[in-house]
Amino acid sequence: MQRAACASIISLVTIEVRDIKGQGFHEKLSGLADSVFLDLPQSWLAVPSAAKMLKEDGVLCSFSPCIEQVQRTCEVLRSDFIGKFILNFTTSLSIFAVEITTFIIACKEQ
């Protein structure tokens, strides 16, 4: 089952190891991508190249661990994606401590 699923999407996915911050995406992919996902430090350096890879209605998704990286990426997005919507989603992990407490209730004897 898993092999069949992989075989059915393998023609739709392009995987390549490359220094996209330094070299950018390969030009042969220009304008062909429905979406580009960036999960790397200094993702703003890859945004101009990623923008060239996207189709007209393509989506760029960038994961950044801190607000400073988000801000820098958004600055580059504003210059490379003029007239496009830029949405920012924040996720946070909240840990709640739960304590189990036992109460002893004293009853008066009658």
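Ile9, Leu12, Val13 and Ile15 make up a nonpolar patch on the surface, and together they have about 450 Å² of accessible area. Such patches consist of residues with over 30% relative accessible area and no salt bridge, nonpolar side chains (Val, Leu, Ile, Met, Phe, Trp, Tyr) being joined within 5 Å; the areas come from the Shrake-Rupley method with a 1.4 Å probe, and for residues only the protein chains shown count as cover. This is a predicted model, in which local features need pLDDT of at least 70 and side-chain atom pairs count only at pLDDT 80 or more, while totals for chains, interfaces and linings use all residues. Residues are numbered from 1 along each chain as its sequence is written, and side-chain values use heavy atoms, with hydrogens and water left out.

The largest nonpolar core has 16 residues, and Phe25, Val36, Leu38, Val47 and Leu60 have the most contacts inside it. At least two residues of this core come from each of strand E1 (33-38), helix H2 (47-53), strand E2 (54-62) and helix H3 (67-80). A nonpolar core is here a set of buried Ala, Val, Leu, Ile, Met, Phe, Trp, Tyr and Cys residues joined through side-chain atoms within 4.5 Å. Beyond its neighbours within four places in sequence, Phe25 is in contact (heavy atoms within 4.5 Å) with Arg18, Ile20, Val36, Leu38, Ala46, Ser49, Ala50 and Met53.

Leu38 is also touched by Ser43, whose other partners are Ser62, Ser64 and Thr73 when residues up to four places away in sequence are not counted. Ser43 is placed in the loop between E1 and H2, and its relative accessibility of 1% is why it counts as buried.

The whole structure contains one salt bridge, defined as a side-chain nitrogen of Lys or Arg within 4 Å of a carboxyl oxygen of Asp or Glu. It joins Lys55 to Asp34, with the closest N and O atoms 3.0 Å apart. Because Lys55 lies in strand E2 and Asp34 in strand E1, the pair ties together parts that are 21 residues apart in sequence. Lys55 is partly exposed, at 35% relative accessibility.

Note on methods
Buried < 20%, exposed > 50% of the residue type's maximum accessible area, 1.4 Å probe, protein only. Helix = DSSP H or I, 4+ residues; strand = E, 2+ residues; numbered from the N terminus. Patch = residues over 30% accessible without salt bridge, like charges linked within 9 Å, V, L, I, M, F, W, Y side chains within 5 Å.
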